[in-house]
Amino acid sequence: MENPLLEVKAVDVFYGDIQALWSVSIQAARESVLALVGANGAGKTTLLRAISGLVHPRTGRILFSGKPILHLRPEKVVASGISLVPEGRRLFSQLTVMENLELGAYTPRARAGFSASLERAFALFPLLKARIRQIAGSLSGGEQQMLAIARGLMSQPRALLLDEPSMGLSPIVVKTIFELIQVLKKEKITILLVEQNIYQALKISDFAYVLKNGKVALSGRGEELLTDPDVKKAYMGTLE
Ligand SMILES: Nc1ncnc2c1ncn2[C@@H]1O[C@H](COP(=O)(O)OP(=O)(O)OP(=O)(O)O)[C@@H](O)[C@H]1O
Ligand SMILES: [Mg+2]
């Protein structure tokens with residue numbers, strides 16, 4: 001691939017003595033949707049955390065727009081244009097919707113562009129605008145996920161990492177989230193999508209990696225993997 005936005009090269013991650021990622025390499029093309037799928041414990045979250053600077057790989061390289069980011073602190077990774085919407089949303093549940101959005105815009109560039117980002121967030125999520133003074137913890141699950149994504153966008157990322165955004169949500173909200181991902185792609189944001197909802201994730205992704213026991217087991221265009229007999233057998237079960 002020429003000039004990818006994000007490159008992870010032969011990354012090993014350990015938690016103490018336990019190795020969670022084994023020489024993992026992935027590439028994300030500019031303005032694409034990349035799906036990362038795999039069973040529980042496969043290392044999907046660890047990979048997003050490594051890219052975000054929240055865990056530091058023992059070996060390997062991570063390049064964003066050609067620049068090494070492996071040893072950057074998390075806030076510097078955000079400033080460089082990568083934003084993580086974590087597993088389980090991790091909102092500040094005692095704070096208001098507005099306060100959560102403000103906390104998403106803590107880098108200097110994000111602060112400078114705050115009002116434009118806020119307007120854009122409200123255009124994407126009109127529901128949040130109506131609930132701006134509401135305490136985040138009192139929102140519905142779907143609204144909380146929207147807020148988590150909106151907060152992630154407040155730093156004006158070029159790459160948005162979504163860790164299981166559809167987790168625990170109703171089918172209609174899940175559909176909204178998958179539609180939103182396509183809107184963001186059109187707005188030239190590259191998406192790394194970790195999903196249990198494998199069928200839908202592969203369907204909307206340009207390229208996908210299947211992780212297994214901390215290693216890349218398979219990769220290919222989303223649509224190719226959808227028809228791959230091994231993927232069907234191992235991961236899709238009743239989802240078809
Ligand atoms: N903080 C931690 N300390 C020790 N081991 C960890 C820690 N976080 C994750 N692990 C281990 O690393 C491996 C990968 O976990 P990870 O959370 O990345 O998987 P995942 O693919 O995101 O799983 P899930 O689908 O359940 O979210 C697992 O074996 C897990 O037990
Ligand atoms: Mg996970």
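Lysine 188 follows helix α8 and has a positive phi, near 70 degrees. The model is predicted. Its protein chain is divided into domain 1 (1-81 + 157-170 + 189-240) and domain 2 (88-156).

**Helix α8**

- Helix α8 covers residues 171-186, and at 1.5 Å a residue its 16 residues should span 22 Å. The end C-alpha atoms of α8 are 23 Å apart, which agrees with that expectation.
- The buried residues of α8 are Ile177, Ile181 and Leu184. Viewed down the helix axis, the buried residues of α8 fall within an arc of 70 degrees, so they line one face of the helix.
- An α-helix has 3.6 residues a turn, so residues three or four places apart point the same way.
- Exposed residues lie on the other side of α8: Pro171, Ile172, Glu179, Gln182, Val183 and Lys186.
- Packing against the buried residues of α8 involves the strands β3 (33-37), β7 (159-163) and β8 (190-194), together with the helices α7 (141-153) and α9 (198-204).

**Helix α5**

- In helix α5 (residues 114-124), the residues Ser117, Leu118 and Ala121 are buried. Seen down the axis of α5, these buried residues fall within an arc of 100 degrees, so they line one face of the helix.
- Ser115, Ala116, Glu119 and Ala123 are exposed, on the face of α5 turned away from its buried side.
- The cover over the buried residues of α5 includes α3 (97-104), α4 (108-112), α6 (126-130) and α7.

**The four-stranded sheet**

- Four strands form an open sheet in the order β2-β1-β4-β5, and their pairing is antiparallel.
- Strands β2 (18-28) and β5 (67-68) are the edge strands, each pairing on one side only.
- Strands of a sheet pair through backbone hydrogen bonds, either parallel or antiparallel.
- Strand β4 (residues 59-64) pairs with β5 in the antiparallel sense, over two bridges. Phenylalanine 64 stands opposite lysine 67 in β5.

**Contact between the domains**

- The C-alpha centres of domain 1 and domain 2 are 24 Å apart. Nine residues from domain 1 and ten residues from domain 2 take part in the contact.
- On the side of domain 1 that touches domain 2, helix α2 (residues 74-80) supplies the largest share, three residues.
- That side of domain 1 is made up of six nonpolar residues, two polar residues and one charged residue.

Methods
Residues numbered from 1 in each chain as written. Chains lettered and ligands numbered in written order. Predicted model: local features only at pLDDT ≥ 70, side-chain atom pairs only at ≥ 80, totals over all residues. Domains from an automatic or database assignment. Contact = placed C-beta atoms within 7 Å. Nonpolar A, V, L, I, M, F, W, Y, C, P; charged D, E, K, R; others polar. Expected span 1.5 Å × (residues − 1). Buried ≥ 20, exposed ≤ 12 C-beta atoms within 10 Å, placed from the backbone. Arc of directions from axis to C-beta. Pairing = 2+ DSSP bridges.
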